[in-house]
Amino acid sequence: MIITSLAGAGGIGFVALGVLTNIGYLRGGLPAPGSGKPLKEATDALAAMGDRLKRPSVLVPATWLFLTFFAAGLLSALWRGEARTDGWALAGFAGVLMQNATFMVVEALRFGAASAAVHHRGSVPGLWAVTNVLFGFNQAFLAIALLGFTVAGSSLDFIPTWHAWLGYASAALLFVSSAAAPYNVDGTNRIAITGLIGWLGWATWIVAYGVALLNL
C-alpha cells in the first residue's frame, strides 16, 4: 500500500535527517545539553554560532513531517478496531505528537539563547537552563511512543521478539534519563550515556519498523 510505504520511508528518512542535523550542530559548535560545558563556555559558543545554527535547522521541520508520516502510517497499520491494542497504538501516536511539539520549543529556545548570548548575556543562564531541562523531559515522550507502539505491534505479532525487547529497553533508558532532567539544569548530565543509548535504540527501532512497513 502507498500509505504504509510512505510511512516506512518517513521513519527511515526521519532517522537519516536527524543524524545529519545533529552532525551539523556538532560541527557548528552548538553546545549540546548534558555536555557539561561551563556556562561561560556555552555562552561563548552560542554567541559564535551565527548562521552555523541556522543551516542545520532548515532540516528540522522535515524531521517532524517524516516522523508524523511514520507514526500515522504505523497507527493505521496497527489499527484493528480492538480496544486491547488500539489504545496502545494511540498512546504511541500521542507520544510522537508530544515529542514533536516539545522539540519545536527546544529548537526555538536554542535560537533565543544564541541571540541572548550576543545581545543580552544576562538572559542566557535562564534560557540555557530551560533548554537543558526541556530537552531531558522530552525523552519521556519518546518513551511513551516506544512503549505504545511496541505493545501494540507485539500483541498483534507485527514485530519480532527482538524488536519488541529493543522498544521496551529503549523506553526504560529514555524514561530514566528524563527523570534526571531537573539535575541537568546547568548542562551537566552524569547519566548522559543512558539517554544516548536509549536514543540510538529508538532510532534503530524506528528503522526496523520502517522496514516492516515497507515490506507490507
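How many salt bridges does the count come to? In this predicted model, the count comes to four salt bridges. Three of the residues involved, Lys40, Asp44 and Arg121, are linked in a network.

Asp44 takes part in two of the contacts described here. With Lys40, Asp44 forms a salt bridge whose closest N and O atoms are 3.1 Å apart. Both residues belong to helix α2 (residues 39-47). They are four residues apart there, so about one helical turn separates them. Asp44 also meets Arg121 in a salt bridge, at 2.7 Å from N to O. Arg121 lies in the loop between α5 and α6, whereas Asp44 is in helix α2, so this pair ties together parts that are 77 residues apart in sequence. Lys40 counts as exposed, at 60% relative accessibility. Asp44 is partly exposed, with a relative accessible area of 32%. Arg121 counts as partly exposed as well, at 40% relative accessibility.

Another salt bridge joins the side chains of Asp51 and Lys54, at 3.4 Å from N to O. This pair sits in helix α3 (residues 51-57). The two residues are three apart, with about one helical turn between them. Asp51 counts as partly exposed at 42% relative accessibility. Lys54 is partly exposed too, with a relative accessible area of 48%.

A search of the whole structure finds eight aromatic pairs. Phe14 is buried, with a relative accessible area of 10%. Trp202 is also buried, at 2%.

Trp205 and Tyr209 form a further edge-to-face pair, because their planes stand at 85°. Their ring centres are 5.0 Å apart. Both lie in helix α8, four residues apart, and about one helical turn separates them. Trp205 is buried, with a relative accessible area of 0%. Tyr209 is likewise buried, at 0%. Ring pairs link Phe14, Phe70, Phe158, Trp202, Trp205 and Tyr209 into a cluster.

The largest nonpolar core has 31 residues. Within this core, Leu78, Phe149, Trp202 and Tyr209 touch the most other members. At least two core residues come from each of α1, α4 (60-78), α5 (83-119), α6 (124-155), α7 (161-179) and α8. Helix α4 gives the most to this core, with seven residues.

Leaving aside neighbours within four places in sequence, Trp202 is in contact with Phe14, Leu67, Leu142, Ala145, Leu146, Ser170 and Leu174.

Leu200 lies in helix α8. Leu200 is partly exposed, with a relative accessible area of 44%.

Technical notes
Residues numbered from 1 in each chain as written. Predicted model: local features only at pLDDT ≥ 70, side-chain atom pairs only at ≥ 80, totals over all residues. Heavy atoms only, no water. Phe/Tyr/Trp six-rings, centres within 6.5 Å; stacked < 30°, edge-to-face > 60°. Buried < 20%, exposed > 50% of the residue type's maximum accessible area, 1.4 Å probe, protein only. Core = buried A, V, L, I, M, F, W, Y, C linked by side-chain atoms within 4.5 Å. Contact = heavy atoms within 4.5 Å.
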